[in-house]
Amino acid sequence: MSGSNHEHGHPKVGHVVPLWMLAAVWLALMFFTYITVAVTNYDLGNFNLIIAMAIATVKAALVVLFFMHLFWDNKFNALVFISSLAFVTLFIIISMLDTNEYQPDVFQGKAPALEVEAP
Amino acid sequence: MSESVVEHGHSHADEHHHHDHPAHLQHHFETEEQQFDASKIGMWLFLATEILLFGGLFCAYSVYRANHPEIFLYAHKFLDVKMGGINTAVLIFSSFTMAWGVRLAQLGKKTGLVICLVITILCGFGFLGIKYVEYKHKWEHGLLWGTHYHDQEAHGEGHGETAGVEHAEGAETVEPAAETTDASGATDELSEEEKDLTTIPVAAAGPSGTLLTAADDHSAGSHGDEPGMTIVPENVHIFFGIYFSMTGLHALHVIIGMGSIFWALLLTLKGKITKEYFTPIDLVGLYWHLVDLIWIYLFPLLYLIH
């Protein structure tokens, strides 16, 4: 109850992000959002997806590092976060390898994007 | 350093040992810092599980899109990029106000914190509102999952009608208008026409109904300009199954996030949040940022397919 009224002189837990930094990150996020929509007006084939994902990753990095405070946090938190990403990446990559391997054979001609192997 | 652990339940206004025992410091922690660190780690671990949860859906997306790009190229046009873009802006702004709120909590500025939390919740409502509009539109036009999907070629695409063709396989059974009884009457008329306008025979379109017309090679985005026929791929409902599960699960998380922030708001109003103890704001903020993160990926993957 009264504990909160005392200035213990306990070390501040956590670093306080300056407001200008938060605002700058927000503006950067808006900017990248605009860019990612604008890019869809240009046809770059498969590159469109790569660019879209790259921009999304930059935005995500901004949110994670600054809004979620990971830049200043205990490095273990970052480890936890990166590990989850690593496992999702692994999950997707292995599934993609698997489906690319077998999809043409599953139903002939059912995967137009993939090479249909000659029987 | 000895803690006044034994004083559990007593009034803390009494004089203590050397260390004050802040009300918010739980007894199984030695210091506030340790408690704070533990709370943070716990939240990040939970966020990791959330990432894995959505990761499964992203994997489904990847596999289906790799195998059937024609479905995604065709179906994504039914999504409104403007709405998706506004939603993105709304969530990003709400992340900003949430992070600002955490800062204000750390500075002990209660009024500003309350304002930021309220704005964040309002942004959540805005997001859900736009989602509702989008979902409603899809419901009315039969842009749904599984067997509830209605073939779209009679309207909305801006093309002339497709050449009347037959469906080679029964992959898409068009349900009668029973599914859309609460839609406008126009949809009922649609159902009649839809039954005539189905998709292309496999032979005409090449293996497994690839969507390409002669002109429609790379720029599948140039829909509506082609007066000729648009080849509709099979199994378009898959896109909407993925769309609704991903955005639906995300919307559920938005709702949960809003509830959590509201809880944090109540704590703040009751005076429980201080410079020394702002952990609930911090953790609830982390959850909200995750919701934003997921949408940052959902938006380009669903709306900005090229």
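1. A salt bridge links the two chains. K40(B) pairs with D73(A), and the closest N and O atoms are 3.5 Å apart. The term salt bridge here stands for a side-chain nitrogen of Lys or Arg within 4 Å of a carboxyl oxygen of Asp or Glu. K40(B) sits in helix α1 (residues 32-67) of chain B, while D73(A) sits in the loop between α2 (47-67) and α3 of chain A. K40(B) and D73(A) are both buried. Buried means under 20% relative accessible area, exposed means over 50%, and partly exposed falls in between (1.4 Å probe, protein chains only).

2. Some ground rules. This is a predicted model, where local features need pLDDT of at least 70, side-chain atom pairs count only at pLDDT 80 or more, and totals for chains, interfaces and linings use all residues. Residues are numbered from 1 along each chain as its sequence is written, chains are lettered from A and ligands numbered from 1 in the order in which they are written, and side-chain values use heavy atoms, leaving out hydrogens and water.

3. K131(B) and E134(B) form a salt bridge, 2.9 Å from N to O. They are 3 residues apart in helix α4 (residues 110-140) of chain B, so about one helical turn separates them. K131(B) is buried because its relative accessibility is 2%. E134(B) is buried too, at 3%.

4. The next pair is K136(B) and E140(B), with 3.3 Å from N to O. These residues are 4 apart in helix α4 of chain B, so about one helical turn lies between them. Are they buried or partly exposed? K136(B) is partly exposed, at 39% relative accessible area. E140(B) is partly exposed as well, at 24%. Elsewhere, salt bridges with shared partners join D73(A), K40(B) and D282(B) into one network.

5. Now the surface. F87(A), L90(A), I93(A), I94(A), L97(A) and L52(B) make up a nonpolar patch with about 610 Å² of accessible area together. Patches take residues with over 30% relative accessible area and no salt bridge; like charges are joined within 9 Å, and nonpolar side chains (Val, Leu, Ile, Met, Phe, Trp, Tyr) within 5 Å. Accessible areas come from the Shrake-Rupley method with a 1.4 Å probe; for residues, only the protein chains shown count as cover. The largest share, 5 residues, comes from α3(A). L52(B) lies in helix α1 of chain B and is partly exposed, at 41%.

6. Chain A has 3 helices and 0 strands. Helices (H or I, at least four residues) and strands (E, at least two) are DSSP runs, numbered from the N terminus. Of the 119 residues of chain A, 36% count as buried. The accessible surface of chain A is about 7,100 Å², with 71% belonging to carbon and sulfur atoms.

7. Last, confidence. pLDDT is the predictor's confidence in each residue, from 0 to 100. Chain A has a mean pLDDT of 84, and 77% of its residues reach 70 or more. Over residues 1-11 of chain A the pLDDT is below 50, yet this stretch has 16 contacts (heavy atoms within 4.5 Å) beyond near neighbours in sequence. Where pLDDT is low, the predicted coordinates should not be read in detail.
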